[in-house]
Amino acid sequence: MIRSWARTDIGKKRKQNEDAFLADDALGLYVVADGMGGHAAGEVASAQAVQSIRDALAPCRPILERFAASPTVEVRESISSLMETAIQKACADVFDLSQADADRGGMGTTVVAMLIAGKSAVIGHVGDSRVYLYRKGRAHQLTEDHTIVQEQLKRGLISRAELATAENRNVITRAVGIQSSVPVDTLLTDLLPGDLYLLCSDGLHGYLHEDELPALFGQERDKLVDLLVDLALQRGGRDNITAVALAVDDEEDETAADVEGKTEVLRRIPLFQHMTYKELLAILGIARGRQFQKGDTIIKEGDPGDELFILFRGSVEVAKSGMVIAQLHAGGHFGEMGLVDQAPRSATVVAIDDTSAISVDRESLLRLMRKDPLIAVKLLWSFVQVLSERLRNTNDALADLRQELDEARNRDATGGGNVPESSTGPQ
């Protein structure tokens, strides 16, 4: 069960409130929009965006119910597409309004939206409004600001310490309605018992410090929105302030530990070691749950394959040319080279217990990388590191083998004999 609370405030400096929000528990839809444009155009843009998103998503309950019943990767992608389409519709509607009235020219709005689908949710995002997740005592920012300073930070042009004082910190690079369409970021996330999500405009998060978020979000949930808005007012209230909080009831659910366990396992895998929590959730969003019975062959030496497998329960045996070379247990992974090349599998992997795993295939990963260039850069860098380590290990092994051969030759030479040429050359 989801419970929500919402509040908006004009703040201490503005003459009008250009923020708008929606908190619809029945529909499972939550939206915050921060309008801009002057001459009351910001109010129009944000209100229209919220209404357009609601109108686009309200008829989609059958798809959401199908997702809740069977959350496959394909249906997950369709849910993300629903959110993207809804925000694109809002963008077109706001743009059309601006074109019809000269006083509203150039108006636009930020948008963060969250749609509940069973035990999962999809987040859509444009601009610098944010979504936070408070889970197991930790606070995570699930959206990345579309601002000039965020781009500068990603490129290493400024430091994180310089963000708060940067002159152009409020200049956004994307908005709904400035043009007829806009790139939309989406993220799928599982809803776990005890989760708290906060959607807010920059009039709130601009006054929050990262190190204080866990303590703030850990307050009584039915009082949290008032606490946060009042805090922003006390710290200056220069902008409109809007917050929507939604909480997942704290009830027993074995999937809770499962999801948290998966993110921790992913983080320990060299391929994903540089990922943020948000990026790990994105990886899990394209992963397929896999179940294998004892004795099942998961991959076969010589067969084609394009999936990485990550084990969460059970054990597998890895064999090459009929010889067992390794056993892997929970937290182990195999098949990652299938993500980057078309070469046949180099070994056979068989389940030696009933085994639970997830798999990530090449095409799904490439689509995610195209949508999120930062994930792409991190993955490519990790691949380089993994391959470099394998090359070093191979060189070390060859050096050890060469030393053993040299020592064997010396022993034979000392004993008065020579190693026959055929015994060290190709057979």
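I began with Leu-199 and, leaving aside its neighbours within four places in sequence, found it in contact (heavy atoms within 4.5 Å) with Tyr-30, Val-31, Val-32, Val-112, Ala-113, Met-114, Arg-130, Val-131, Thr-242, Ala-243, Val-244 and Leu-246. I note that this is a predicted model, in which local features need pLDDT of at least 70 and side-chain atom pairs count only at pLDDT 80 or more, while totals for chains, interfaces and linings use all residues. Residues are numbered from 1 along each chain as its sequence is written, and side-chain values use heavy atoms, with hydrogens and water left out.

**Leu-199 and its setting**

Leu-199 is found in strand 9 (residues 196-200); helices (H or I, at least four residues) and strands (E, at least two) are DSSP runs, numbered from the N terminus.

**Overall figures**

I count 12 helices and 18 strands in the protein, and its C-alpha trace spans about 100 × 45 × 40 Å along the principal axes. Of the 427 residues, 47% are buried. Among contacts between residues at least 6 apart in sequence, 73% join residues at least 24 apart.

**Nonpolar cores**

I then asked which residues have the most contacts inside the largest nonpolar core. They are Met-114, Leu-199, Phe-272 and Ile-310, in a core of 45 residues; such a core is a set of buried Ala, Val, Leu, Ile, Met, Phe, Trp, Tyr and Cys residues joined through side-chain atoms within 4.5 Å. Helix 9 supplies the largest share of this core, six residues.

For Met-114, again leaving aside neighbours within four places in sequence, I list contacts that include Gly-28, Leu-29, Tyr-30, Met-83, Ala-121, Leu-191, Tyr-197, Leu-199 and Leu-246. A second, separate core has 35 residues, Val-31, Ile-53, Leu-57 and Val-75 among them.

**Helix 9 and the cavity**

Helix 9 (277-285) is largely enclosed by the rest of the structure, because eight of its nine residues are buried. The buried ones are Tyr-277, Glu-279, Leu-280, Leu-281, Ala-282, Ile-283, Leu-284 and Gly-285.

A search of the whole structure gave me one cavity of 30 Å³ or more, and the largest cavity has a volume of about 30 Å³. On a 1 Å grid over the protein atoms alone, a cavity is a set of points where a 1.4 Å probe fits but cannot get out, and lining residues have an atom within 4 Å of a point. Grid points are joined across faces, edges and corners, and the volume is the space filled by probe spheres set on the points.

The lining of the largest cavity consists of Arg-76, Leu-188, Thr-189, Asp-190, Leu-281, Leu-284 and Gly-285, and the elements giving two or more residues to this lining are strand 8 (185-190) and helix 9.

**Pairing with strand 17**

Strand 17 (residues 348-351) pairs with strand 12 (residues 297-299) in the antiparallel sense over two bridges, and with strand 14 in the antiparallel sense over four bridges; two strands pair if DSSP finds at least two bridges between them. Within strand 17, Val-350 is the bridge partner of Thr-297, and Ala-351 is the bridge partner of Val-316.

**Positive phi in two loops**

Most residues other than glycine have a negative phi. Lys-136, however, has a positive phi of about 50°, and I place Lys-136 in the loop between strand 6 (130-135) and strand 7 (138-141). Ser-321 has a positive phi near 55°, and its place is the loop between strand 14 (316-320) and strand 15 (323-328). Are these residues buried or exposed? Lys-136 is exposed, with a relative accessible area of 57%, and Ser-321 counts as exposed at 64% relative accessibility.

**Arg-66**

My last entry is Arg-66, which is found in helix 2 (residues 61-69) and counts as partly exposed at 48% relative accessibility. Arg-66 and Leu-115 are 49 residues apart in sequence and 14 Å apart in space, C-alpha to C-alpha.

How values were computed
Buried < 20%, exposed > 50% of the residue type's maximum accessible area, 1.4 Å probe, protein only. 1 Å grid on protein atoms, 1.4 Å probe; cavity = no way out; pocket = protein on both sides within 12 Å on 5 of 7 lines; lining within 4 Å.
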